[in-house]
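Dear colleague,

I am handing over the structure we spoke about, and it is placed just below this paragraph. Please keep it open while you read the notes that come after it.

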Amino acid sequence: MPEPQGANRAVSRKNYYGEEYRVFVTDYEAEYPDGCLITSRTDLNGIITHANEPFVELSGWTRDELIGSPHCVLRHPDMPEAVFRDLWETLQAGKKWYGYVKNLRKDGGCYWVYATVIPNIRKGEVQGYTSVRRKPARSKIEEVSALYAEMLAQEQNHTAAA
C-alpha cells in the first residue's frame, strides 16, 4: 500500500499469517457519526464476512477490500496486544466482550469505537462473531488512551527484554 499523504510514522506489523508488512499512521482522527451503529460479522478466525455501510465509510476501505480480510487489518499500532488477547479469550469462552478500541483507517487515520462482540451460536455451535460499535464518550477515550499507552509501553519493554 502506498504511503498516505501526511503520514507521520510507519510501523512494522505482522499479519494473520505471520508475514511482516508496514502500516502508515497519521494524526487524523475521524469523528464517529452521532446516532450511528457499525456492525460486522466474522468467521471463527476473525475474517470479515459482513460489513455495514457505516463501517465501510468510517474505515475508509471498500466493502470488497474488507470482506475476506482479517479484522485485524483495522488494528491501530497504539492498541496493546493484551486488549485483543482478552477479546479472543472471552469470545472463545462463549462470552460477550466489550471495550474501547482505536481502529486504523485505510488512510492512516484512526477512529474510536465502543465495541460489543458476541459469539454467533447456531445449533449449539459457535459459527462466528458479530461486533456492534457505538460512538464512545470523549472522556472515556481520554481515559482509556492513557491506560493503553501504559499497557503498550509495558508490552514493548517486555518484548525488548526478552
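Predicted model: local features only at pLDDT ≥ 70, side-chain atom pairs only at ≥ 80, totals over all residues.

Residues are numbered from 1 along each chain as its sequence is written, and side-chain values use heavy atoms, with hydrogens and water left out.

I begin with the core. A nonpolar core here is a set of buried Ala, Val, Leu, Ile, Met, Phe, Trp, Tyr and Cys residues joined through side-chain atoms within 4.5 Å, where buried means under 20% relative accessible area, exposed means over 50%, and partly exposed lies in between (1.4 Å probe, protein chains only). The largest such core has 29 residues, and the members that touch the most others are Phe55 and Tyr111. At least two residues of this core come from each of strand S4 (48-51), helix H1 (53-59), helix H3 (81-92), strand S5 (97-104), strand S6 (110-122) and helix H4 (138-161); the helices (H or I, at least four residues) and strands (E, at least two) are DSSP runs, numbered from the N terminus. The most is given by S6, which supplies 5 residues. If neighbours within four places in sequence are left aside, the contacts of Tyr111 (heavy atoms within 4.5 Å) include Ala30, Ile38, Phe55, Leu58, Leu74 and Val101.

Next come the strands, which are said to pair if DSSP finds at least two bridges between them. S5 and S6 are antiparallel and pair over 8 bridges, and one of the residues involved is again Tyr111, the bridge partner of Asn103. Between these two strands of the hairpin lie 5 residues, and Gly108 in the turn has a positive phi of about 95°. Because 7 of the 8 residues of S5 are buried, this strand is largely enclosed by the rest of the structure. The other hairpin is made by S3 and S4, also with 5 residues between the strands, and there Gly46 takes a positive phi near 80°. S3 (residues 38-42) runs antiparallel to S4 and is joined to it by 3 bridges, with Thr42 partnered by Ile48.

Finally, the charged pairs. Side chains of opposite charge can pair when their charged atoms come close. A salt bridge is counted when a side-chain nitrogen of Lys or Arg is within 4 Å of a carboxyl oxygen of Asp or Glu, and the structure holds 8 of them. In one, the closest N and O atoms of Lys106 and Glu65 are 2.6 Å apart. Lys106 lies in the loop between S5 and S6 and Glu65 in helix H2 (residues 63-66), so this pair ties together parts that are 41 residues apart in sequence. Lys106 is partly exposed at 29% relative accessibility, and Glu65 is partly exposed at 28%. Another salt bridge links Asp107 with Arg105, with 2.9 Å between the closest N and O atoms; here Asp107 is partly exposed at 31%, whereas Arg105 is buried at 12%. Lys140 and Glu143 also meet in a salt bridge, at 3.8 Å from N to O, and these residues, 3 apart in helix H4, are separated by about one helical turn. Lys140 is partly exposed at 32%, while Glu143 is exposed at 52%.

With best wishes
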